[in-house]
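Hi there,

Here is the structure I promised to pass on. Have a look at it first, and then read on for the notes on its salt bridges.

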Amino acid sequence: MKITAIPQLYRNLKRWRGILAILNRYGLADWLTATHLPFRDRFKGPDGEPLSDHTRAERLRLAITELGPTFVKVGQTLAGRPDLLGPEYIDELKELRSRVPPEPIQAIEKVLDANWPEDWRANLSLESEALGTASIGQVHRGTFNDGRKVVVKVRRPGIASVVRQDLEILAGVAPLAQRIEGLAAFDPVIMVEQLSRVVISELDFNNERRNLQYFRSLVESDFPDIRVPWVDASWCTEEVLVMEEVEGVSLNQWMSKAGNPENVESMARKLADFYLRLLIDEGVFHADPHPGNFIVGDDGQLGIIDFGMVGRLDDGLRDLLEEMLLAIGAGDQQRLTKLIRRLAGPSGGVDTRRLHMDVANFIVDYGAQDLGDFRVGAALEDLGGILRRHSIQLPPQTSTLLKMLISLEGTLREMGAGFGSIEVAQRMTRSLIKKRLSPKRRARQVRHLVEDAQYFLQTAPEELTSLMHQFRSGEIRINLMHRRLAPMVNRIVLGGMASAVFLGSSLMLALQVPPVLFQSSEPGNFVNVSILGLLGVLGSSAVMAWVTVAIARSGQLTRQGD
């Protein structure tokens, strides 16, 4: 542990004790489940039930809930990663969304008093019963004096300090978890960094206000059948968000009343097209498309709410996704294999032939399935296996994208969508080709090339001059990285030490250094044998034999082809 981490540890000591106490209780319950001791029911859940009666996945969900909002957010993030957790854990962690107890109205009003003018009650009537709760915010209906019906989203009191403290603790634990073999594959440090950015962004409701305004401007011009609520910026702060109440029924209620399956199918296509077009055209997406965030109005418009989590893709990754969709739509397995290879980066040594076979099998298994039968969890598990086998790591932005795709797939499956995933990609192929060949896009690409060339011409002379100066002054440093270099160096060092011990021991045998075996005053064979020399020769010979066998087993005892 670093010296600089000691003040952080002391500052968060009370929270540390609380976290360890909760983990200890649920961990002991896990051990007691397999026993029949009289005290196995000692540990109780939040409703007074014995923890030993719950499954391990249920105890994980209960522990996360008790640990607080930051860990709830971690659980919600993991719920979108079926490539990391099994389906029983995924199903339990999905319940974290709907099991957050509400804050009393008095606590909510105190937050509003701190953010709004003193006479806000004269302008707005607020319902005391919460419309919805989440790990960070709580929602109440309200009505302005001018008749506007709004939804007021309020940040939970004191949540910001708790979240930042928990994130600080997680940041301190992540490097330790990185050293544990079973956890290193999850990249705890990177995961905590990504989670911190997301959670800190969600703490500031001004970010959600900007997301709402941005998405509303998009749908007004391009998606007349999609509705995004307006926001009243004059009442919005870092802790409070005021937006239009989208009237209608939830998507699930609408499906139960729709009656005609063709209407539901049309709505499912509308939803899929909206997300795919927005992803391709703008590189952004609403990251939480579960049915509770969709409201269907009397006019058939599909309203979308809760823009606290929005994903964005950079131009490079978006272009790569476009090309993948074109390859899938054309059934071009060779092209898709090359695109997946690009994810490996310049240092990725990928067996193209094996990767092509894996991609071909993946497309055969999942490409033509109807969304009613398609399971994203199983598909991601197989895709993750392909990427792991070929040492290919997905870019950081894809974690939110995967979460969105899983949630969207679940929503479409609940709607009974009968169109295939390949069909969705094929319907986008024509527009993608048109977009990629458009003069506007070509002009933008040419402009980027000119700007890059100009930057290179401006910086190259200075960089070359600096390099020549370092070369003349002897300041050039070359950093080399070699895979599996540590075992090779260890073998060299061990072999050198064994050789030195062998030579020294041979001299001790030749000089008959005491203590000796078979002591005799007459010279001859097997007399006056140095014990230390004999042990040294035998030990060093054994070490050198072991090194030789290890090199032989690695297949590198001789040169390639000999």
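A word on terms before the details: a residue is called buried when its relative accessible area is under 20%, exposed when over 50%, and partly exposed in between (1.4 Å probe, protein chains only). Please keep in mind that this is a predicted model, in which local features need pLDDT of at least 70 and side-chain atom pairs count only at pLDDT 80 or more, while totals for chains, interfaces and linings use all residues. Residues are numbered from 1 along each chain as its sequence is written, and side-chain values use heavy atoms, with hydrogens and water left out.

First, the overall picture. The chain has 562 residues, and 39% of them count as buried. It contains 21 helices and 13 strands (DSSP runs, H or I of at least four residues for helices and E of at least two for strands, numbered from the N terminus).

Now to the charged pairs. Side chains of opposite charge can pair when their charged atoms come close. Searching the whole structure gives 14 salt bridges, meaning a side-chain nitrogen of Lys or Arg within 4 Å of a carboxyl oxygen of Asp or Glu. Here are some of them.

Lys153 pairs with Glu208, with 2.9 Å between the closest N and O atoms.

The loop that runs from strand 4 (149-155) to helix 7 (159-178) holds Arg156. Its side chain meets that of Glu103 in a salt bridge of 3.3 Å, N to O. Glu103 is in the loop between helix 5 (87-94) and helix 6 (105-115), 53 residues away from Arg156. Arg156 is buried at 7% relative accessibility, whereas Glu103 is partly exposed at 26%.

Then there is Arg148, whose closest N–O approach to Asp232 is 3.1 Å. Arg148 belongs to the loop between strand 3 (137-144) and strand 4, and Asp232 to the loop between strand 5 (226-227) and strand 6 (240-244), so this pair joins parts 84 residues apart in sequence. Here Arg148 is partly exposed at 28%, while Asp232 is buried at 11%.

Finally, a network of salt bridges links Glu109, Asp113 and Arg121.
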